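Work through the exercises below with the sequence and the model open. Try each task before reading its solution.

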Amino acid sequence: MNTFKHKLIVALFAAAALVAVTDLAVHARQDASAPQATVGAQSPTTHVKPTAKVADGARAEGVAPAVAPSSAAAAAPSSAALTATAPAPIFVSAAARNLSLSEGLQWTFGGKSQRGWSLYLPLVRRLLATDADAASPEFAESLARWQRASGLAPSGVLDDATLYAMISHWQSVRIKDRAHPSPEQLVVAPTSDFYDPTRPDELRQVERRAYDAYKRMVAAAAADKTLGLQLTKTGELAPEEKFLKIVSSFRSRAYQEHLRRQSPNAGRAGLAVNSPHFTGRALDIYVGGDPVETKDANRRIQVDTRVYLWLVRNAESFGFRPYYYEPWHWEYVGEVTTGKR
């Protein structure tokens, strides 16, 4: 009897030991397959279930689903993601060149030496359909797309060849026919529409279609509260408001020649021999600074005003195209259907 009891006790201890060893082995395998905690972490490693969604490529190759990362790991982008979103080296290099050329590029227009292209940046951005900084890789990438579409080497650098191509485009969409309108095609605009209300009747004439488009454009600008324009109770530009008032409109050939004699150094870039003002569809509109001064310092003031930037974005939808060299000069070429940017 004592022998039986002894054997029974030994068997029970052996069974218990086997169960303990088996349990330890199971936990060891689980710990080996579980994600490891970050060194120095304050919280223990959390075991999570595999994600239910598997990439098509992994499923096709029979790869087991990956364990979902912890919230901290999910917040940090992978090296692959950083590579995918980082700009290409060529555009980083182009951005550095654009920063230099925006103020330092040497070129000529109208017989005058020019330096840099930053004065035309609002028009350039409009052309490229981007708001990116000129010294950014994103700007260079947008420029490269435009260069490729224009048959230029897509370098992303706004060099002299690219700038001349842009100027050619801007000039190509201006008024082509410089013929005088007939008297019945002209209307004498009221003094309230002019920057100088004392301007005589013969210098306040505007081609009818251009004048109608101008009034619609001014009404749209007046409705834009971000411009901060001074208005009358009826929504018209107030008498004391100067922005968007007409500085000059229709000019006869005799009057244009008179202006050229007064400013002999203006050159054809400033006072053309065959001026688009002859048509009555070219309007000099006040956008800030000295109304029609072409010095770089004055044009810098003008291209930074909210009114000028508004015109760059919106004037085309009313049929007006810019003369890139003069921020105040806009020409009615006929309305086009184009979305605002």
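**Exercises on a predicted model**

The structure is a predicted model.

**Exercise 1.** Find what covers the buried residues of α8.

Solution. List the buried residues of α8: Thr162, Leu163, Met166, Ile167 and Trp170. Then look for their contacts. The cover includes β1 (106-109), α6 (121-128), α7 (137-149) and β7 (320-322).

**Exercise 2.** Work out how the buried residues of α8 are arranged around its axis.

Solution. Start with the general rule: an α-helix has 3.6 residues a turn, so residues three or four places apart point the same way. Next, take the buried set again: Thr162, Leu163, Met166, Ile167 and Trp170. Seen down the axis of α8, these residues fall within an arc of 140°, so they line one face of the helix.

**Exercise 3.** Check the length of helix α8 against its number of residues.

Solution. Helix α8 runs over residues 160-172, which is 13 residues.

**Exercise 4.** Locate Ala129 and Leu244, and decide for each: buried or exposed?

Solution. Most residues other than glycine have a negative phi. Ala129 is not a glycine, yet its phi is positive, about 55°. Ala129 sits in the loop between α6 and α7. Its relative accessible area is 56%; exposed means over 50%, so Ala129 is exposed.

Leu244 also has a positive phi, near 75°. Leu244 lies in the loop between α9 (208-222) and β5 (246-248). Its relative accessibility is 2%; buried means under 20%, so Leu244 is buried.

Note on methods
Residues numbered from 1 in each chain as written. Predicted model: local features only at pLDDT ≥ 70, side-chain atom pairs only at ≥ 80, totals over all residues. Heavy atoms only, no water. Helix = DSSP H or I, 4+ residues; strand = E, 2+ residues; numbered from the N terminus. Expected span 1.5 Å × (residues − 1). Buried < 20%, exposed > 50% of the residue type's maximum accessible area, 1.4 Å probe, protein only. Arc of directions from axis to C-beta. Contact = heavy atoms within 4.5 Å.
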